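This report describes strand pairing, salt bridges and aromatic pairs, in that order of need. The sequence and structure come first.

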Amino acid sequence: MAASPAFLVLAVLLCAAAAVARAADDGAAGMTKFKVYFHDVVGGTKPTAIRVAQAASTNGSSTFFGAVFAIDDPLTTDAASSSSEVGRAQGSYTFADQKTFGLLMNMNFVFTAGDHKGSTLAIVGRNEVLSAVREMSIVGGSGKFRMARGYVEARTVDSGANSGETIVEYTVFVKAA
């Protein structure tokens, strides 16, 4: 007895749905989630971010378009500057948008203490700093995070307007190979 065309279509759809559900489960399995706080200081006697390049027109730009900063920012367990340091955010950010404060972030989270000591995460992406939540990609890592993939969510805790220290909460969602 031959199967009806409707039965074959239904069987194919059920197999496809099962494959999609299995892929979704695989994406969540092994995912690690944690938070760190990024402390960026651009002035004073001990800056952690220094302007290393700019375009001739950068000073006339309302968004600092063309400015490039090298960073070596502390990563801590809490928003307070005095909280335990677990690593450093090292790399650069570039003011890459002419209309708003949009940064191109290119940095490594280098873990020097805590559960992830000796490991790194490579993070790249757009950071539109005036948005409440920004998402950037994890494109790799080392140590515990070898061949990592995932993303981070950034939320500004303190803009630094009064203190000179910008504090950003990073929620990390990462899966290593």
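A salt bridge is counted here when a side-chain nitrogen of Lys or Arg lies within 4 Å of a carboxyl oxygen of Asp or Glu. The model is predicted, so local features need pLDDT of at least 70 and side-chain atom pairs count only at pLDDT 80 or more, while totals for chains, interfaces and linings use all residues. Residues are numbered from 1 along each chain as its sequence is written, and side-chain values use heavy atoms, with hydrogens and water left out.

**Salt bridges**

A search of the whole structure gives six salt bridges.

| Residue | Partner | Distance, N to O |
|---|---|---|
| Lys35 | Glu169 | 3.6 Å |
| Glu128 | Arg126 | 3.0 Å |
| Arg155 | Glu153 | 3.1 Å |

How far apart in the chain are Lys35 and Glu169? They are 134 residues apart, with Lys35 in strand 1 (residues 32-41) and Glu169 in strand 9 (residues 165-175). Strands in this report are DSSP runs of E with at least two residues, and helices are runs of H or I with at least four, numbered from the N terminus.

In the remaining pair of the table, Glu128 is partly exposed with 28%, and Arg126 is partly exposed with 40%.

**Strand pairing**

Arg126 also has a place in the strand pairing: this residue of strand 6 is the bridge partner of Leu104. Two strands pair if DSSP finds at least two bridges between them. Strand 5 and strand 6 (residues 120-128) are antiparallel and share nine bridges. Strand 4 (residues 85-95) and strand 5 (residues 102-111) also run antiparallel, joined by nine bridges. These two, strand 4 and strand 5, form a hairpin with six residues between them. Gly87 has Phe111 of strand 5 as its bridge partner.

**Aromatic pairs**

A pair of aromatic rings is described by the distance of the centres and the angle of the planes. Rings of Phe, Tyr and Trp (its six-membered ring) pair if their centres lie within 6.5 Å; planes under 30 degrees apart are stacked, over 60 edge-to-face, and the rest tilted. By this rule the count is 12 aromatic pairs. One of them is Phe38 with Tyr170, whose centres are 5.5 Å apart and whose planes meet at 55°, so the pair is tilted. Phe38 lies in strand 1 and Tyr170 in strand 9, so this pair ties together parts 132 residues apart in sequence. Both Phe38 and Tyr170 are buried.

Tyr93 and Phe95 form an edge-to-face pair, with 6.2 Å from centre to centre and 70° between the planes. Tyr93 is buried with a relative accessible area of 5%, and Phe95 is buried with 12%.

Which residues form one aromatic cluster? The members are Phe34, Phe38, Phe109, Phe111, Phe145 and Tyr170. Phe111 of this cluster is the residue named above as the bridge partner of Gly87.

Methods:
Buried < 20%, exposed > 50% of the residue type's maximum accessible area, 1.4 Å probe, protein only.
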